[in-house]
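Grab a pencil and work through these exercises with the model open beside you. Try each task before you read its solution.

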Amino acid sequence: MDYALKATGISKSYGAPDSRVEVLRNLNFHAASNEIVSFVGPSGCGKSTLFNIITGLLQPDSGQILVGDEETTGTTSEKIGYVLQKDLLFPWRTVIENVILGLELRGVNRREAREKAHDLLVRYRMQGYENVLPSQLSGGMRQRVALMRTMITDPEIILMDESYKALDYPLKIALEGELLETIKREKKTAIFITHDIEEAVTLSDRVYVMKARPGEIVDEIRIDLETDSPLIPERRISPQYNKYYELIWRKIGLPSVSV
Ligand SMILES: Nc1ncnc2c1ncn2[C@@H]1O[C@H](COP(=O)(O)OP(=O)(O)OP(=O)(O)O)[C@@H](O)[C@H]1O
Ligand SMILES: [Mg+2]
């Protein structure tokens, strides 16, 4: 198989040796080229830790990450573009300056970078906000700026950690649909990390289900909604949808809540 990313034996604990918290235990997973894969699991199961390990921002205690044929464990790869759970925009940079950051770092000239950014601003319905500072934007708008900042560098693999959380529902499904179309059209690979079963089922070709304490993969489910439509509502009403939702929900279960 043609792997875009492959991980074997990923484990991670935090804390001093006498008070270790085992967060991830022996994770094995992959994303094939042009595949959309999601990790879905409850809060605290180690999703953001896993995200940081895949991006190379965090070194696992054991295990290996391969991007294509290249080992990238503990180092960042230009092939991976990521959007963090918190948008982390630079507050002193305007919207357009935030969007072009990745291109600037790669030495692309400012005019070319700004032209690319303008196209994206139109697509993400943010035209007119070029020169506004992040503090003047809503949470959803800030998230869109973070998405544009990733998409503008045209990464092969797109990695996202709960990136749509701050958006209102209509905008969320519109942007998810657009993202799905872009990923398929431009033959990208995507890895979504989420606690949202609906998002995982509607967007993915395959879902890894995780449990908490320690975080482990408990199941792997191939999704076929029997539609090619990138429209999220169309996918959501697929007769197959409920079957997958139920399968995943039963694996994850509900957390116990004391009232
Ligand atoms: N730097 C750290 N040092 C110590 N413990 C940490 C650290 N980062 C995370 N943890 C712990 O590891 C566990 C997993 O955290 P993580 O943020 O990866 O989970 P998550 O699945 O992303 O949660 P959420 O759904 O709330 O975003 C939690 O119990 C957390 O308290
Ligand atoms: Mg998290």
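**Exercise 1. Which stretches make up domain 1 and domain 2, and how far apart are their C-alpha centres?**

Start with the bounds, which come from an automatic or database domain assignment. Domain 1 takes 3-79 + 155-252, and domain 2 takes 87-154. Their C-alpha centres lie 25 Å apart. Next, look at where they touch: 7 residues from domain 1 and 7 residues from domain 2 take part, with contact meaning that two C-beta atoms, placed from the backbone, lie within 7 Å. On domain 1's side, the touching residues split into 5 nonpolar, 1 polar and 1 charged. For these classes, Ala, Val, Leu, Ile, Met, Phe, Trp, Tyr, Cys and Pro count as nonpolar, Asp, Glu, Lys and Arg as charged, and the others, Gly among them, as polar.

A quick word on the ground rules. Keep in mind that this is a predicted model, where local features need pLDDT of at least 70 and side-chain atom pairs count only at pLDDT 80 or more, while totals for chains, interfaces and linings use all residues. Residues are numbered from 1 along each chain as its sequence is written, with chains lettered from A and ligands numbered from 1 in the order in which they are written.

**Exercise 2. What is the strand order in the open sheet of 6 strands, and which strands stand at the edges?**

Step one: read across the sheet. The order is β6-β7-β8-β3-β9-β10, with mixed pairing. Here strands (E, at least two residues) and helices (H or I, at least four) are DSSP runs, numbered from the N terminus, and two strands pair if DSSP finds at least two bridges between them.

Step two: find the edges. β6 (80-83) and β10 (216-222) each have a single partner strand, so one side of each is left without a neighbour in the sheet. From one strand to the next, the twist averages 15 degrees.

Step three: follow the pairs. β6 and β7 (residues 157-161) are parallel, with 4 bridges, and Tyr-82 sits opposite Leu-159 in β7. β7 is also parallel to β8 (residues 189-194), over 5 bridges; there, Ile-158 has Ala-190 as its bridge partner.

α9 (residues 241-252) lies across β3 (36-40), β9 (206-211) and β10, at about 170 degrees to β10. For these angles, axes are lines fitted to C-alpha atoms, for helices over the stretch in contact, and values run from 0 to 180 degrees between N-to-C directions.

**Exercise 3. Which residues surround ligand 1, and which element gives the most to the shell?**

List the shell: Tyr-14, Gly-15, Val-21, Val-23, Ser-43, Gly-44, Cys-45, Gly-46, Lys-47, Ser-48, Thr-49 and His-195. A residue is near the ligand if its C-beta atom, placed from the backbone, lies within 6 Å of it. The elements giving two or more residues are β2 (21-32) and α1, and α1 gives the most, with 3. Sorted by class, you get 4 nonpolar, 7 polar and 1 charged. In α1 (residues 47-55), the buried residues are Lys-47, Leu-50, Phe-51, Ile-53, Ile-54 and Thr-55. Just past that helix, Gly-56 has a positive phi of about 95 degrees.

**Exercise 4. Where is the cis peptide bond between Arg-213 and Pro-214, and what is the phi of Arg-213?**

Start from the general rule: most residues other than glycine have a negative phi, and most peptide bonds are trans. The bond from Arg-213 to Pro-214 is cis, with omega near -15 degrees. Arg-213 has a positive phi, near 50 degrees, and counts as partly exposed because 13 other C-beta atoms lie within 10 Å.

How values were computed
Buried ≥ 20, exposed ≤ 12 C-beta atoms within 10 Å, placed from the backbone.
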